[in-house]
Amino acid sequence: HVRENGELLRRRLAAVVEAHPTVFNEVRGVGMMLGLRCVDSVAAGDMVTALRRQGLITVSASENVIRLLPPLIIGKTEIDEAITKIEAAAAELVATPAAWT
């Protein structure tokens, strides 16, 4: 279950990176310990703040990486919800770059 959902989450995050190239440039990590590397012009802290506004708690792993550490019991429904929130946060940052801080 954990392996399957980890692969699903990675695939879904890769699709987010592809859909939002002005915000993200890669997925990092293995299993359920994943991160999204932001482009140089987007600070991880700004993305963490945008995600918090969407109701998704994350932390920055470095200057431009956000860390995702879902519980091992996460299911497809929760993955879908997280992806929706990540996409909304990315769209928010693109639409209002002045609000990044």
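Me: What makes the radius of gyration of the chain agree or disagree with that of a compact globule?
Reply: A compact globule of 101 residues would have a radius of gyration near 13 Å, and the chain has 12 Å, so the two agree. The radius is taken over C-alpha atoms, and the globule rule is 2.2 Å times the number of residues to the power 0.38. The C-alpha atoms fill a box of roughly 40 × 20 × 20 Å along the principal axes.

Me: On what kind of model do these values rest?
Reply: The model is predicted: local features need pLDDT of at least 70 and side-chain atom pairs count only at pLDDT 80 or more, while totals for chains, interfaces and linings use all residues. Residues are numbered from 1 along each chain as its sequence is written, and side-chain values use heavy atoms, with hydrogens and water left out.

Me: How many helices and strands are there in the chain, and how are they assigned?
Reply: Helices (H or I, at least four residues) and strands (E, at least two) are DSSP runs, numbered from the N terminus. The chain has three helices and four strands, in the order α-β-β-α-β-β-α from the N terminus on.

Me: What makes Ala-44 count as buried or exposed?
Reply: The relative accessibility of Ala-44 is 0%, so this residue counts as buried. Ala-44 lies in helix H2 (residues 44–54). Leaving aside neighbours within four places in sequence, Ala-44 is in contact with Ser-60, Ser-62, Glu-63, Asn-64, Val-65 and Ile-66. H2 is followed by Gly-55, with a positive phi near 95°.

Me: Why is the pair Arg-12 and Asp-80 called a salt bridge?
Reply: A salt bridge is a side-chain nitrogen of Lys or Arg within 4 Å of a carboxyl oxygen of Asp or Glu. The closest N and O atoms of Arg-12 and Asp-80 are 2.4 Å apart, so the pair meets the rule. This pair links distant parts of the chain, with Arg-12 in helix H1 and Asp-80 in helix H3 (residues 76–95), 68 residues apart. Arg-12 has a relative accessible area of 27% and is therefore partly exposed; Asp-80, at 22%, is also partly exposed. By this rule the count comes to five salt bridges.

Me: What makes Arg-53 and Glu-92 a pair that ties parts of the chain together?
Reply: The side chains of Arg-53 and Glu-92 meet in a salt bridge, at 2.4 Å from N to O. Arg-53 lies in helix H2 and Glu-92 in helix H3, so the pair ties together parts 39 residues apart in sequence. Arg-53 counts as partly exposed because its relative accessibility is 46%, and Glu-92, with a relative accessible area of 21%, is partly exposed as well.

Me: How are Asp-80 and Lys-76 placed in helix H3?
Reply: Asp-80 forms a salt bridge with Lys-76, the closest N and O atoms being 2.9 Å apart. These residues are four apart in helix H3 and are therefore separated by about one helical turn. Lys-76 has 52% relative accessibility and so counts as exposed. Salt bridges that share partners join Arg-12, Lys-76 and Asp-80 into one network.

Me: How many side chains of the chain are positive and how many negative?
Reply: Lys and Arg count as positive and Asp and Glu as negative, with His and the chain ends not counted. The chain has 11 positive and 12 negative side chains, and the centres of the two sets lie 3 Å apart. Each charge is placed at NZ of Lys, CZ of Arg, CG of Asp or CD of Glu.

Key: Buried means under 20% relative accessible area, exposed over 50%, partly exposed in between (1.4 Å probe, protein chains only). Contact means heavy atoms within 4.5 Å.
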